[in-house]
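Try each task before you read its solution.

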Amino acid sequence: MADLEQHKKHLHTTAMKRTSEWIFSQEIPSDITVHVGEASFALHKFPLVSKCGHIRKLVSESSDGDVTTSIELHDCPGGAEAFELAAMFCYGMNFVIDMKNIAMLRCAAEYLVMTEEYAVGNLVGRSEAYINEVALKSLSGAVSVLRMSQSLLPTAEKVKLVSHCIDAIAIVACKDTHWWAEDLTVLRIDIFQRVLVAMMSRGYKHYSLGPVLMLYAKKSLRGLEVFGKGRKKIEAEQQEEHEKRVVLETIVSLLPREKNALSVSFLSMLLRSAIYLETTVACRLDLERRMGAELGEAVLDDLLIPLYAFTGHTLFDVDTVHRILLNFVEFQHISFPSSAEFERVGKLMENYMAEIASDPNLSLTKFINLVELVPEHSRATEDGIYRAIDIYLKAHPGLSDMERKKVCSLMDCQKLSRQACAHAAHNDRLPVQTVVQVLYYEQQRLRDVVNDGVTRVELPPVSDELSILRRENEELKVEVVKIKMKLREFEKPSISSSQTNTQLQAAAENPPPPKKSFINSVSKRLGRLYPFVRADGVASNTKGRVRRAKDRRHSVS
């Protein structure tokens with residue numbers, strides 16, 4: 001019975017096809033005008049109503065009688081192009097079905113109700129067969145159909161064209177080892193997101209999405225006019241920025257949480273874009289946390305984030321880097337980074353502070369806050385901090401004595417290398433107290449080296465006498481520094497030669513009792529290596545502030 005019914009439908013369809021071909025060949029005047037968008041089609045009712053349920057309904061509802069019927073199909077998926085192909089199908093004309101037109105053919109057939117109910121082998125069935133047997137068999141075909149479906153919503157969703165394509169892509173991507181990420185970059189962000197979610201639901205590892213997201217982000221966020229920030233934008237530019245903002249926020253929500261799944265340079269690129277596009281605070285804070293967790297793998301350029309405000313503030317976004325460093329400090333209590341990672345972060349922050357220190361708009365508070373956040377055990381030496389401090393003092397000559405002391409208190413003078421100590425000893429930008437500290441610790445270090453050498457040659461231990469000699473040697477070195485500071489002041493042109501002679505004579509008349517020891521002789525020679533500084537903490541080159549020397553025991557080396 002079913003076979004008989006199917007045979008009757010086939011005969012009916014064949015008859016309608018022959019009739020349509022005859023109408024077309026005889027150039028019979030049209031009796032229906034179809035308007036689709038701005039296009040109009042002068043056609044014949046019979047071929048259309050024989051295969052299109054929707055047009056049959058519209059014609060039956062028309063009361064024009066024998067007058068030419070006019071109908072409007074402005075909401076036809078695919079517009080005039082799709083309807084023209086559907087009309088050609090109704091007339092039995094040949095045309096090529098391919099990846100470019102199959103999506104709109106399927107959606108137009110659904111809209112026009114071209115089902116098997118009206119004709120055997122109608123357009124709905126024909127298009128479905130092509131999709132299942134050809135298009136969805138390859139990843140490129142599924143992506144192509146899915147891309148075309150993006151402009152055919154919601155009909156493409158209604159006929160499950162979108163979901164079928166997404167499932168096909170997910171299946172192929174989970175099995176295929178070839179690089180397919182480039183194909184997905186043509187998809188709209190919401191469709192792209194659905195594809196990735198489908199892939200993960202089928203077992204694709206989340207951390208493996210990193211390269212896919214990087215490729216999509218670089219292509220989608222290309223062309224951000226970051227140096228045009230602040231100028232008035234036209235409506236088209238505002239719309240483009242809104243679209244990019246949505247793309248960026250979606251990408252961030254898809255980023256894997258696993259460590260080393262993403263490069264820090266990529267995270268930095270996303271963060272710069274997020275700041276420029278003014279994404280949600282949650283989006284920016286998420287990127288800052290991720291960078292903090294991976295800070296040990298960062299390079300200097302990753303932290304040099306421009307400040308887009310251009311309102312007289314700093315050149316770089318110091319506040320953002322401060323929060324990134326805070327995140328790193330918090331993560332160290334959870335993940336326990338290795339000592340090598342700590343050292344890398346310490347070196348990185350030293351270079352960063354040296355880079356931003358020359359900015360005249362960098363406030364003292366921001367500079368100090370950054371230095372204080374760098375863990376001390378991450379710095380093998382204080383040379384990098386000293387370099388940053390020196391650059392900051394040079395770029396900010398208006399700092400008060402108290403502010404300069406506050407900045408210099410950030411470094412541990414005991415951890416300066418000999419080269420840094422030599423530079424600091426001649427650095428007029430440093431407070432006198434800092435210079436004295438540097439000299440003191442350097443002499444202490446050298447004395448320890450000397451003592452270590454004495455120990456190695458196994459000299460007889462004379463603990464009490466050696467202790468006394470060391471203490472007196474220390475006092476003597478301090479006196480040497482004080483005398484040399486006085487001598488430098490007395491050498492100024494503003495001081496009379498008679499006063500200078502009197503001071504020197506007084507110094508010569510009161511020499512300390514000589515201490516005949518190996519350590520004393522070495523200390524005297526070391527004293528000649530350092531500049532003269534005053535014991536009261538005032539720089540020797542301070543103008544107009546000469547004090548009379550107090551009577552005290554002196555030693556001239």
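This is a predicted model: local features need pLDDT of at least 70, side-chain atom pairs count only at pLDDT 80 or more; totals for chains, interfaces and linings use all residues.

Residues are numbered from 1 along each chain as its sequence is written, and side-chain values use heavy atoms, without hydrogens and water.

**Exercise 1.** Find at what angle the axes of α14 and α15 cross.

*Solution.* Step 1: locate helix α14 (residues 264–277) and helix α15 (residues 281–293). Helices here are DSSP runs of H or I, at least four residues, numbered from the N terminus. Step 2: their axes come within 10 Å and cross at roughly 155 degrees. Axes are lines fitted to C-alpha atoms over the stretch in contact, with angles from 0 to 180 degrees between N-to-C directions. Step 3: α14 and α15 are therefore roughly antiparallel (over 145 degrees).

**Exercise 2.** Determine whether Asp 286 is buried or exposed.

*Solution.* Step 1: look in helix α15, where Asp 286 sits. Step 2: its relative accessibility is 8%, so Asp 286 counts as buried (buried is under 20% relative accessible area, exposed over 50%, partly exposed in between, with a 1.4 Å probe and protein chains only). Step 3: beyond residues up to four places away in sequence, Asp 286 touches Val 252 and Arg 257 (contact means heavy atoms within 4.5 Å).

**Exercise 3.** Identify which residues have the most contacts inside the largest nonpolar core.

*Solution.* Step 1: a nonpolar core joins buried Ala, Val, Leu, Ile, Met, Phe, Trp, Tyr and Cys residues through side-chain atoms within 4.5 Å. Step 2: the largest has 143 residues, and Ile 55 and Phe 83 have the most contacts inside it. Step 3: leaving aside neighbours within four places in sequence, the contacts of Phe 83 include Val 34, Ile 55 and Leu 112.

Technical notes
Helices (H or I, at least four residues) and strands (E, at least two) are DSSP runs, numbered from the N terminus. Angles under 35 degrees count as roughly parallel, over 145 as roughly antiparallel, 65 to 115 as roughly perpendicular and the rest as oblique.
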